[in-house]
Amino acid sequence: MAYPKFRAYIKYTDDLDYNDVPHKGNFVYGNLIEGGNQSNTDAIAGDLIEIHAEYVNVEWWQSIEKGSAEQSTGMKDDNGNEIYEGDILATSSRIGRELITDYLKVDWREDYAGFFCGEKPLFACLSEWDNDIKYPQTFPEIVGNVHENPELLEAHHD
């Protein structure tokens with residue numbers, strides 16, 4: 001059985017290096033352990049090593065702010081990179097000689113129980129054709145994330 005993949009943004013990576021927590025840049029990838037109602041933290045953890053009635057032992061773990069984990073969508077961008085919540089996708093459409101680029105944040109929408117980029121379901125954003133504008137467009141690619149590149153979204157909406 002495949003489990004959902006999660007990641008969390010860790011601003012300062014010194015502790016990650018010191019504790020040998022595997023990470024790619026400022027992101028830790030792994031399994032989500034929710035801290036429960038009485039805790040203000042969750043954790044991203046490595047694989048399960050052993051489990052007993054008294055304890056659970058994982059390869060490694062990193063505390064994160066409660067609710068800050070971002071789930072993989074299970075989909076990939078045009079370059080084959082896995083898309084996570086919080087990623088920013090860029091897609092371009094050519095209308096005549098003008099090239100228009102849209103930057104869209106990937107979000108989980110509880111009201112639709114699905115991943116969205118902008119106002120469209122993610123699967124629609126990953127299609128080759130935008131039915132709203134009737135022009136071919138490029139397949140979206142990840143150009144950043146909300147933690148490290150928020151200016152992409154801000155500049156696009158100014």
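Trainee: Over the ring of which residue does the charged end of Arg7 sit?
Mentor: This is a predicted model, and the placement is read from its atoms. The charged end of Arg7 lies 4.2 Å from the centre of the ring in question, and that ring belongs to Phe27.

Trainee: Which residue forms an aromatic pair with Phe27?
Mentor: The partner ring has its centre 5.5 Å from that of Phe27, with 65° between the planes, and the pair is edge-to-face. The two residues are 18 apart in the chain, Phe27 in strand β2 (residues 27–33) and its partner in strand β1 (residues 6–9). The partner of Phe27 is Tyr9.

Trainee: Is Phe27 buried or exposed?
Mentor: Buried requires a relative accessible area under 20%. Tyr9, at 26%, is partly exposed, whereas the value for Phe27 is 5%. Phe27 is therefore buried.

Trainee: What is the geometry of the pair formed by the rings of Tyr29 and Tyr84?
Mentor: Tyr29 belongs to strand β2 and Tyr84 to strand β8 (residues 82–84), 55 residues apart, so that this pair links distant parts of the chain. Planes over 60 degrees apart count as edge-to-face. With ring centres 5.5 Å apart and planes at 70°, the Tyr29 and Tyr84 pair is edge-to-face.

Trainee: How many residues does the largest nonpolar core have?
Mentor: Its members include Phe6, Trp60, Ile64 and Ala69. Ala69 touches Phe6, Ile44 and Ile64, among other residues, when those up to four places away in sequence are left out. A second, separate core of eight residues includes Leu89, Phe115, Cys125 and Leu126. The largest nonpolar core has 10 residues.

Trainee: How many residues of strand β9 are buried?
Mentor: Across the chain of 158 residues, buried residues make up 33%. Strand β9, which spans residues 87–95, is mostly covered. Of its nine residues, the number buried is seven.

Trainee: What is the order of the strands in the open sheet of five strands?
Mentor: Strand β9 pairs in the antiparallel sense with β10 (residues 98–109) over eight bridges, and likewise antiparallel with β15 (residues 141–145) over four bridges. β12 (120–121) and β15 each have a single partner strand, so they stand at the edges. The order is β12-β11-β10-β9-β15.

Trainee: Which residue in the hairpin of β9 and β10 takes a positive phi?
Mentor: Along the paired strands, Ser93 has Ile100 of β10 as its bridge partner. Two residues lie between the strands of the hairpin, and the phi in question is near 65°. The residue that takes this positive phi is Gly96.

Trainee: Over the face of which residue does Arg109 lie?
Mentor: The bridge partner of Arg109 in β11 is Gly114. Arg109 also lies over the face of a ring, at 4.5 Å from the ring centre, and that ring is the one of Phe116.

Conventions:
Residues numbered from 1 in each chain as written. Predicted model: local features only at pLDDT ≥ 70, side-chain atom pairs only at ≥ 80, totals over all residues. Heavy atoms only, no water. Core = buried A, V, L, I, M, F, W, Y, C linked by side-chain atoms within 4.5 Å. Buried < 20%, exposed > 50% of the residue type's maximum accessible area, 1.4 Å probe, protein only. Contact = heavy atoms within 4.5 Å. Pairing = 2+ DSSP bridges. Phe/Tyr/Trp six-rings, centres within 6.5 Å; stacked < 30°, edge-to-face > 60°. Lys NZ or Arg CZ within 6 Å of the ring centre and 35° of its normal.
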